[in-house]
Amino acid sequence: MSDERNTHSEQGPGSGGPAGALPAEAPTPAPPASASAPSGAKEVSGRQRLRAGLWPPRVSRAQLIVALLLFVLGLGLAIQVRSNSDNSALRGARQEDLVRILDELDNRTQRLEDEKQRLDDQRTELENSSDQAEEARKQTLEKERQLGILAGTVAAHGPGITLTISDPSGAVEADMLLDTIQELRAAGAEAIEINGVRVVANTYFSGDGGELRVDGRKIEAPYEFKVIGKPQDLEPALNIPGGVVQTLEKEQATAEVARADDIVVDALRPAKQPDHARSSSR
C-alpha cells in the first residue's frame, strides 16, 4: 500500500501521461528577420539589381553579327539618301530653267548634225568636182585654218561672249576656272582666251586662290574670258542651275556675261613640231 501511494505521489497532480514520461518541448520562437542578415549588409533595391543586370553588358557572338549587319545597312541607306539629294538639283528647278536646259541640249544636237552635214557636203564636192585636185587643195587650206584656230597658232574673230569673273576674296580655285572652260567647250566655244593666254587642248590651271596660273603663266583677278562661238548657246550654258555662275556666287565671286557681235582672240601659241609623230599617207 505504501508503494502504491508513493507511485501516485511521484506522478504529481494533473499529470495525464504515463509514469516517468517527460513533458513535451515548447517550440523555439523564430528569430526576427533583422537578426538573420549580417549587421553590415544593406538591402538591394530594384534599380540596383537592374543596373547590375545591364552592366557590364553580356553580348553574344550572334548579337555582334546582327549589330554589324544593321550598321552596314544604315550606312548604305545614308549614302543612298545623300546621293539622291546630290542628284536632285533639277527636281527643284523652275520650269523656265528646265526649258533652258532642254534648249541647250537641242542646240548641241543641232551643232553635231550641222557638222555631219558639212562633212557630207565636202565629200560630195570632192566626188562631183571636175578638178578634184584643186577642190582638195581648197579644203586642205580651210582645214589648216580651222586647225590653226584650235591649236592657237592663228588669231580669230567672230561673235561670242565676254565673261568677267571678279574675285575680291581670293576664293576662286583653279578647278573652278577649268570647269568654266569645259562648260564653254561643251557649249560650242571655238576659241578662248583668258587674261591674254590662249586656251588650247592641253591648257592646264594650277595654284591656289589668288595665285592662279594658266599653263605656268600667273594671272590675276578679275579673270576675263574672251570666247568665240554662238552667244545664244554660250550664255545659257553658264547660267544653268548648279552651273558656273551659281558655283562662283557661292564662293562670294561674281560673274558677268556680255554678248558681242565680234570678239577678237589674238593671243597666239607657237607651233610645236612633234618629236616622234610623223604624217602618214594612209
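Trainee: Which residue forms a salt bridge with E235?

Mentor: Keep in mind that this is a predicted model, where local features need pLDDT of at least 70, side-chain atom pairs count only at pLDDT 80 or more, and totals for chains, interfaces and linings use all residues. Residues are numbered from 1 along each chain as its sequence is written, and side-chain values use heavy atoms, with hydrogens and water left out. A salt bridge here is a side-chain nitrogen of Lys or Arg within 4 Å of a carboxyl oxygen of Asp or Glu. For E235, the closest N and O atoms of the pair are 2.4 Å apart, and the partner is R259.

Trainee: Where in the chain do E235 and R259 sit?

Mentor: Helices (H or I, at least four residues) and strands (E, at least two) are DSSP runs, numbered from the N terminus. The two residues are 24 apart, so the pair links distant parts of the chain. E235 is in helix α8 (residues 231-238), and R259 is in strand β8 (residues 254-265).

Trainee: How far apart are the closest N and O atoms of R108 and E183?

Mentor: General idea: side chains of opposite charge can pair when their charged atoms come close. R108, partly exposed at 25% relative accessibility, forms a salt bridge with E183, and the closest N and O atoms are apart by 3.6 Å.

Trainee: Which helices does that pair of R108 and E183 link?

Mentor: R108 and E183 are 75 residues apart, so this pair links distant parts of the chain. The helices are α5 (residues 95-128) for R108 and α7 (residues 174-186) for E183.

Trainee: How many salt bridges does the structure hold?

Mentor: For background, the secondary structure comes to nine helices and eight strands, and 22% of the 282 residues count as buried. The salt bridges in the structure come to eight.

How values were computed
Buried < 20%, exposed > 50% of the residue type's maximum accessible area, 1.4 Å probe, protein only.
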